Amino acid sequence: MRRVALVTLVVDDYDDAIRFYTEALGFRLAEDAPRPDGSRWVVVEPGGAAGTGLLLARAKDDTQRSRVGDQTGGRVGFFLHTDDFARDHARMTAAGVAFLEEPRHEPYGIVAVFQDLYGNRWDLLQPAG
């Protein structure tokens, strides 16, 4: 079996990112280990079935810092699936997550675009069926 295990998300601060992903989005902190170069290996996961985790990587230089919040050129780059859209939308809204639109019903499911604390765009999506 093969799967994409991690996707790197460049952030400007480990602790702020951990706080946002665990408290506002309800992810779990899977790993947080120091590395010899002073960086940390930080992985957050949405929980539930085995899936892809996020490696939160602190930007190390100006080029990487310029990518924080715009890793996909303004497109939705991340898709958070849920089995209960209303529950997660309400919880995330109460936690201060910035939704860019009202929830909408599409043939593929219920969806709304939100931004993470850096401005990266995400879909919260309850797939149809």
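**Figure 1. The whole chain and its elements.** The chain contains 3 helices and 9 strands. This is a predicted model. Read from the N terminus, the elements follow the order β-α-β-β-β-α-β-α-β-β-β-β. For a chain of 129 residues, a compact globule would have a radius of gyration near 14 Å, and the value here is 15 Å, so the two agree.

Figure 2. Buried residues make up 33% of the 129 in the chain. Among contacts with a separation of 6 or more, 53% are between residues 24 or more positions apart.

**Figure 3. The open sheet of β1, β2, β3 and β4.** These 4 strands form an open sheet with mixed pairing, in the order β1-β4-β3-β2. Which strands lie at the edges? They are β1, residues 6–11, and β2, residues 28–34, and each of them pairs on one side only. From one strand to the next, the twist averages 25°. Strands of a sheet pair through backbone hydrogen bonds, in either a parallel or an antiparallel way.

**Figure 4. Close-up of β3 and β4.** Strand β3 covers residues 40–45 and strand β4 covers residues 53–58. The two pair in the antiparallel sense over 3 bridges. Val42 has Leu56 of β4 as its bridge partner. Leu56 is also listed, with Tyr21 and Phe114, among the residues with the most contacts inside the largest nonpolar core.

**Figure 5. The pairings of β9.** Strand β9 pairs with β5 in the parallel sense, over 5 bridges. In this view Phe78 has Trp122 of β9 as its bridge partner. Strand β9 is also joined to β8 by 7 bridges, and β8 and β9 run antiparallel. Ala112 has Leu124 of β9 as its bridge partner. The hairpin of β8 and β9 has 5 residues between the strands, and Gly119 in this hairpin takes a positive phi near 105°.

**Figure 6. The largest nonpolar core.** In soluble globular proteins, nonpolar side chains tend to be buried together. Here the largest nonpolar core has 28 residues, and Tyr21, Leu56 and Phe114 have the most contacts inside it. Two or more residues each come from β1, α1 (14–24), β3, β4, β5 (76–81), α3 (85–94), β8 (109–115) and β9 (121–127). Which element gives the most to this core? It is α1, with 6 residues.

**Figure 7. The surroundings of Tyr21.** Leaving out residues up to four places away in sequence, what does Tyr21 touch? Its contacts are Leu9, Gly26, Phe27, Val44, Leu54, Leu56, Asp116, Leu117 and Trp122. One of these, Trp122, is the bridge partner of Phe78. Another, Leu56, is the bridge partner of Val42.

Figure 8. Arg2 belongs to the segment before β1. Is Arg2 buried or exposed? Its relative accessible area is 83%, so Arg2 counts as exposed, the cut-off being over 50%. Arg2 and Asp70 are separated by 68 residues in sequence and by 28 Å in space, from C-alpha to C-alpha.

Notes. Residues numbered from 1 in each chain as written. Predicted model: local features only at pLDDT ≥ 70, side-chain atom pairs only at ≥ 80, totals over all residues. Heavy atoms only, no water. Pairing = 2+ DSSP bridges. Axes fitted to C-alpha atoms, helices over the stretch in contact; angles between N-to-C directions. Rg over C-alpha atoms; globule rule 2.2 N^0.38 Å. Buried < 20%, exposed > 50% of the residue type's maximum accessible area, 1.4 Å probe, protein only. Contact = heavy atoms within 4.5 Å. Core = buried A, V, L, I, M, F, W, Y, C linked by side-chain atoms within 4.5 Å.
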